[in-house]
Every structure is written in C-alpha cells, then in structure tokens.
Amino acid sequence: MKKTVLAVALTSLFIGGAAQAATIYKNDNGDNIKVYGGAEIGGTLVSDSAKSPKGPDTTYVDQSFGTIGLKGQTGNFYAKFEIDAEREHWTADNKLRLVIDKLMVGYNFNDNNTLEFGRTDTAYDKVDAFGDVTNDLGVGISEAGDQDNTVRYIGDFGKIKMSISHSLEGWDGDTVGGEPTKYSYITDSLYGAVTNGYIGYYGDSFTVIAAAEAGDETEIYSLHAEADLGKVTLGGLVFDQTKNFNGGKDENTFGFNLGGKYALSEQLSLLASANYADVEGDDDAAIYGVFGTEYMYAKNIKLAAEIAVGDVLEGNNGTESGVLGFAKAYYWF
C-alpha cells in the first residue's frame, strides 16, 4: 500500500526526534497529551480520460487528505486516537469521508521493546514503501494497512529493527440483519485474520529490510533497500504478492521499483524511478518511468510534482501506454 508523505512524517513525530506535535497538557511527573496532524492537497491528472479508472468524465482525480490525532502518555503506557478525512480515490463520485484511523493503546517495556493493541497500523504498513523515492506514482505494495483488533510488537535494537503484528477480522463494514457483510469495508480493515512483519538493518548510510505478510486472502514477500551517498540517494524494492478476495481466483503480481534522488540544494531535489509490474494472466507486464521534483519549503511543508510515462492507464487486459501527472502540497505538525 502506497504510504503517503504525510503518514511517514507523522510517524517520525514520535520516533525520529524531530517532533512538531504540540503539547497541550504536561504534568510534573511527565504525563502528557499531544495533538498532531496535517493535510495534503492535490491529486492525479490522467492524459486519456477514456481510460481513466475514475471514468471518462474527468482527467483529474482529487486525492486530498487530512488527519488529526491525540497521543497521551502516562508512565510507560500511551494511547492514540486519530481521525482521517480522505477521498474515495478512483470512484465515480470520489466523496470525502471521515474515518477513525487509530484507536489503540501501547506499552513501552523498555527502550527496546514495545507492544501495541487496537485499531492501528500493521507492522508491514510502516515499511511497505521503503526504498521508493517517488511520492505517489511508483509501483507499490498492497499490504493490509490499518486493521482492527491488531496486536503489534516493535523491537528496536540499535541498527537492527523489527516488528510483527497479527490482526483479527475487521468490523467496519455495512451490516445485514445486524451481521457484518464481508467485502463492504470502507477502510483498509477488510483482510480478516492476517499476520505480517519485517526485520531490517539500519546503517548510517545503507538500510536493507525484508518483509512478509500471510493471511487467508493475502501473501506477500518483499525486499527493500536504500543508500545515502551524500547528494544522491538510491533506493529500490522488489515484491511478490498474491491476493484473493470474494472467493475468486488468486491474482499474483511480481514487481520492482528502482530509483534515485539528487539534491540540487538543501530544499530542492530531483527524482526518477523505473517501475515494473507483471500481473499473472495479463498479456504484457507494465513498464514505466517516473520523473519528479520535491521542494522542502520548511521542515514540515513539502511541495511535490511527478509525471509517469509508459504503461500507466487502465486497459481491457492490464495496463496501456499513457501519461499520469501528480502534484501535491503537504503540511504536517
């Protein structure tokens, strides 16, 4: 699942040491409550409206997104409550809806071991886009994402970091006769019982991560890497994923995303990536390139624009050649 720049930034508020989150309450004993959030405004332009996944009436798909949350901590216990405002991407009406994204509690056993429970990110969700230098248009992984009834372990042992999670069936769909209707979910929490996780080596200039997911309807294996070479950052990911929903036929996808980013200045960077996705049963694999630029106006404000050229449009059997454009402004606190 493509992780947004905003999601990565909000994660860094609590693990990266550069928090923008505002403290709205703090006791002498260290108990505190913080508010955090942000917005991303923009979307995708489609070159051929007849092949737009949204339909032939428009060439622009609004993918604006906003979030606001609270994090409270007392001793080693903490809790998060987070609400998202999101678009129903690529649907006919593309309505803006409110979704409870997180409702969870956690406990820090020590500096190295943490356990979380509730409606929260699965372990894989934290690293699914690692190695992808693009903001949106690069080939990505469709892991389970946020799930209800999730238990997640987080281990931080210096340069070795790992996490594993298990989620029970989600219950945020429509109901018939008071019973949940499967496959009617409006958020990520539709995978049922699913287990996923990762382990990685986080070096000073090189990071490599292996991740996997297993469930009744999903199976994924991936490898991610990123190297910091000063002004140049190289990254990539390779994955093999199989999905099976509604009791249908397995859909297997093998793909990779290799790219790089060059810093023209402390604020302005150029990026490019080569992307490949081979869906079993399609006539041809999708091959395309992404080219873009990023401008960090401030440490919590980012402007990004990208263009994807190649097999990026929806066709009758797989993807067809065309062009996608993408532009967004990101703000987080």
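## Salt bridges

The predicted model contains 14 salt bridges, where a salt bridge is a side-chain nitrogen of Lys or Arg within 4 Å of a carboxyl oxygen of Asp or Glu. As this is a predicted model, local features need pLDDT of at least 70 and side-chain atom pairs count only at pLDDT 80 or more, while totals for chains, interfaces and linings use all residues. Residues are numbered from 1 along each chain as its sequence is written, and side-chain values use heavy atoms, with hydrogens and water left out.

One of the salt bridges joins the side chains of K261 and E294, at 3.2 Å from N to O. K261 lies in strand β16 (residues 251–263) and E294 in strand β18 (residues 286–298), so this pair ties together parts that are 33 residues apart in sequence. Helices (H or I, at least four residues) and strands (E, at least two) are DSSP runs, numbered from the N terminus. K261 is partly exposed, with 22% relative accessibility, whereas E294 is buried at 6%. The cut-offs for these words are under 20% relative accessible area for buried, over 50% for exposed, and partly exposed in between (1.4 Å probe, protein chains only).

E294 also forms a salt bridge with K302, and the closest N and O atoms of that pair are 3.1 Å apart. Both K302 and E294 are buried. Elsewhere, salt bridges that share partners join E82, D101, K102, D121 and K126 into one network. D121 is buried, with 6% relative accessibility, and K126 is partly exposed, with a relative accessible area of 25%.

## The chain as a whole

The protein chain has 1 helix and 20 strands. It holds 333 residues, of which 44% count as buried. The chain exposes about 16200 Å², and carbon and sulfur atoms supply 58% of that area. Accessible areas come from the Shrake-Rupley method with a 1.4 Å probe; for residues, only the protein chains shown count as cover.

A contact means heavy atoms within 4.5 Å. Among contacts between residues at least 6 apart in sequence, 52% join residues at least 24 apart.

## A nonpolar surface patch

Ten named residues form a nonpolar patch on the surface: I24, Y25, I33, I68, L70, F81, I83, L98, I100 and L103. Together they have about 900 Å² of accessible area. Patches are made of residues with over 30% relative accessible area and no salt bridge; like charges are joined within 9 Å, and nonpolar side chains (Val, Leu, Ile, Met, Phe, Trp, Tyr) within 5 Å.

The strands β1 (22–26), β4 (65–74), β5 (77–87) and β6 (96–108) each supply at least two residues of the patch. β6 gives the most, with 3 residues. L103 lies in strand β6.

D62 is placed in strand β3 (residues 60–62). It counts as buried because its relative accessible area is 18%. Its side chain makes a polar contact of 2.7 Å with the side chain of S64, and another of 3.3 Å with that of R87. A polar contact is a pair of N or O atoms within 3.5 Å; within protein, one must be able to donate a hydrogen and the other to accept it, and residues adjacent in sequence count only if both atoms are side-chain atoms. Leaving out residues up to four places away in sequence, D62 touches G42, R87, H89 and N94.

N275 lies in strand β17 (residues 268–279). N275 is buried, with a relative accessible area of 2%. A polar contact of 3.2 Å links the side chains of N275 and N257. Not counting residues up to four places away in sequence, the residues that N275 touches include N257, F256, G138 and Y288.

Q267 sits in the loop between β16 and β17. At 34% relative accessibility, Q267 is partly exposed. Q267 and M296 are 29 residues apart in sequence, but 4.8 Å apart in space, C-alpha to C-alpha. With residues up to four places away in sequence set aside, Q267 touches E294, Y295, M296 and Y297.

N149 is in strand β8 (residues 146–157) and is partly exposed, with a relative accessible area of 29%. Most residues other than glycine have a negative phi. N149 is not a glycine, yet its phi is positive, at about 45°.
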